[in-house]
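Hi,

Here's the structure I said I'd pass on.

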Amino acid sequence: MANTSTRTLRLLSLLQSHRYWPGAELAERLDVSPRTLRRDVDRLRELGYPVEARRGVDGGYQLAAGAALPPLVIDDEEAVALAVGLQAAAQGPVDGIAEPSLRVLAKIVQVMPGRLRRRVEALRAMTVTGGWGGPARSDVDPDVLTTVALACRDGERLRFAYTAADGRRTDRHVEPHRLVSLGRRWYLVAYDLDRADWRNLRVDRISGPDGTGARFRPRELPAADAAEFVRTRLDTAPRPYRVEVLADAPAATIRERIGRWAAIDEVDADHCRVHLTSDSLDWPTIALGALGADFRVLHPPELVDRLRDWADRFHRAASRDPHGG
């Protein structure tokens with residue numbers, strides 16, 4: 001099920017088609033229960049959208065005829081989540097969802113207040129999706145993210161504090177180029193003026209970004225695009241975990257399923273070796289869960305303990321009464 005903000009906006013998009021929606025059909029389209037649908041409709045009404053309801057067995061919902069829709073009332077964090085979620089869906093692997101996601105995003109942006117529209121459009125235009133993993137994590141400060149996006153779009157130099165992996169804090173003065181969503185993290189690709197070199201900087205480690213008002217002429221990036229630049233830097237960076245498993249499936253099948261995240265080597269027609277690198281064992285565990293095939297851990301041994309821990313938690317969850325009994 002989609003998060004509440006994205007789902008509510010999807011509901012608004014469906015209702016804007018000026019079609020009467022039977023409640024059961026609308027709930028099915030949104031993949032929610034009738035009770036959740038009623039809550040989402042109430043949320044739209046609280047935001048000022050005139051949703052009419054017909055009760056009874058054949059009951060349903062529609063927007064009031066001829067009603068003028070107010071600007072979309074959402075906060076900065078919800079606007080960022082919406083833009084990121086729908087853009088990720090548009091670039092994701094699910095067939096048939098890309099075009100509808102872009103249409104929904106275009107509709108929603110049009111009814112946003114001007115200030116939010118400017119920030120969201122900058123984020124859309126200045127973000128490159130790298131293709132590893134799912135949508136980037138939402139724990140990045142939306143003000144930081146949109147401030148950086150606006151500086152990228154406007155060609156404005158930025159100053160901010162940056163905390164390295166070892167906890168060391170430094171002041172940075174950069175020419176921002178692009179934001180990259182990769183491996184469930186956000187990165188800023190920028191030219192560091194004090195170090196006279198290109199850098200990829202994790203956005204969750206940036207604090208207090210402030211535009212200097214100084215404009216700059218874009219420099220030539222030493223890569224085909226920003227996503228390739230970040231991937232190359234991450235590939236050459238030391239990582240504590242290098243995972244290798246033997247999968248009971250053809251290499252072509254495994255490449256189709258997780259080839260964006262892993263290196264796949266064919267062993268024979270029915271087996272392949274899967275290689276992943278990560279700064280934790282949780283992400284490889286998620287990726288291996290998507291194999292859709294049996295596998296044997298070759299390295300590291302501690303991955304077996306992590307898999308066993310996850311398996312125990314999933315088993316407990318599956319054993320519980322879904323109704324709380």
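This is a predicted model: local features need pLDDT of at least 70, side-chain atom pairs count only at pLDDT 80 or more; totals for chains, interfaces and linings use all residues.

First, the packing. The largest nonpolar core is made up of 22 residues. Leu145, Val148, Phe160, Leu179, Trp186, Leu188 and Val203 have the most contacts inside it. Two or more residues each come from helices H6 (114-126) and H7 (142-154) and from strands S5 (156-163), S6 (169-182) and S7 (185-192). H7 gives the largest share, with seven residues.

Leaving aside residues up to four places away in sequence, Leu179 touches Leu123, Met126, Thr127, Val128, Leu145, Val148, Ala149, Cys152, Trp186, Tyr187, Leu188 and Val203. Another core, of 19 residues, lies apart from the largest one and includes Ile254, Ile258, Leu281 and Leu291.

On to the cysteines: there are zero disulfides in the structure. Cys152, one of the residues that Leu179 touches, is buried at 7% relative accessible area. Cys272 is buried too, with a value of 0%; the cut-off for buried is under 20%.

Last, the helix pair. How do H10 and H11 cross? The axes of H10 (residues 282-289) and H11 (residues 302-319) come within 10 Å and cross at roughly 65 degrees, so H10 is roughly perpendicular to H11. Their crossing is right-handed. On the H10 side, Asp282, Thr285, Ile286 and Leu288 make the contact, and on the H11 side Leu303, Arg306, Leu307 and Trp310 do.

Cheers

Technical notes:
Residues are numbered from 1 along each chain as its sequence is written. Side-chain values use heavy atoms; hydrogens and water are left out. A nonpolar core is a set of buried Ala, Val, Leu, Ile, Met, Phe, Trp, Tyr and Cys residues joined through side-chain atoms within 4.5 Å. Buried means under 20% relative accessible area, exposed over 50%, partly exposed in between (1.4 Å probe, protein chains only). Helices (H or I, at least four residues) and strands (E, at least two) are DSSP runs, numbered from the N terminus. Contact means heavy atoms within 4.5 Å. A disulfide is a pair of cysteine sulfur atoms within 2.5 Å. Axes are lines fitted to C-alpha atoms, for helices over the stretch in contact, and angles run from 0 to 180 degrees between N-to-C directions. Angles under 35 degrees count as roughly parallel, over 145 as roughly antiparallel, 65 to 115 as roughly perpendicular and the rest as oblique. A crossing is left-handed if the near helix is turned anticlockwise from the far one by less than a right angle, and right-handed if clockwise.
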